[in-house]
Amino acid sequence: MDYRYRNNYNMSMKDNLAYIKKMGVGKFIEEQFKKYRCSKCGSLISIHNRKCFNCDAITKLIDKTNRRRNLIKRKTAK
Ligand SMILES: [Zn+2]
């Protein structure tokens with residue numbers, strides 16, 4: 001974890017706490033839930049990489065096919 005990231009994280013934690021104090025925990029959770037929902041399918045997304053659990057499976061699959069295609073390309077080029 002680099003310093004800048006840690007600093008930003010602490011900053012947002014402070015902001016969150018301030019928000020909870022101001023608006024109440026219920027409102028905060030509601031807002032977080034809205035924030036961490038996929039705009040495409042409405043599923044919950046990962047807090048860590050902001051990727052949708054639902055859509056990311058498709059993303060991964062596309063990634064895998066692309067990588068395989070690149071491997072084939074490399075093989076035929078040689
Ligand atoms: Zn999604």
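**Ile-45 and its surroundings**

Visitor: Leaving aside neighbours within four places in sequence, with which residues is Ile-45 in contact?

Guide: This is a predicted model. Ile-45 is found in the loop between H2 and H3. Beyond its neighbours within four places in sequence, Ile-45 is in contact with Tyr-36, Arg-37, Cys-38, Arg-50, Lys-51, Cys-52 and Phe-53.

Visitor: Is Ile-45 buried or exposed?

Guide: A residue is buried if 20 or more other C-beta atoms lie within 10 Å of its own. Ile-45 has 21 C-beta neighbours inside 10 Å, and therefore counts as buried.

Visitor: How far apart in space are Ile-45 and Phe-33, C-alpha to C-alpha?

Guide: In sequence, Ile-45 and Phe-33 are 12 residues apart. In space, their C-alpha to C-alpha separation is 9.4 Å.

Visitor: Which element of the chain has the highest mean pLDDT?

Guide: The chain holds three helices and zero strands, and averages a pLDDT of 77. Helix H3 (residues 53-77) has the lowest mean among the elements, 76. The highest mean, 80, belongs to helix H2 (residues 25-35).

Terms used: Residues are numbered from 1 along each chain as its sequence is written. This is a predicted model: local features need pLDDT of at least 70, side-chain atom pairs count only at pLDDT 80 or more; totals for chains, interfaces and linings use all residues. Helices (H or I, at least four residues) and strands (E, at least two) are DSSP runs, numbered from the N terminus. pLDDT is the predictor's confidence in each residue, from 0 to 100. A residue is buried if 20 or more other C-beta atoms lie within 10 Å of its own, exposed if 12 or fewer, and partly exposed in between; C-beta atoms are placed from the backbone. Two residues are in contact if their C-beta atoms, placed from the backbone, lie within 7 Å.
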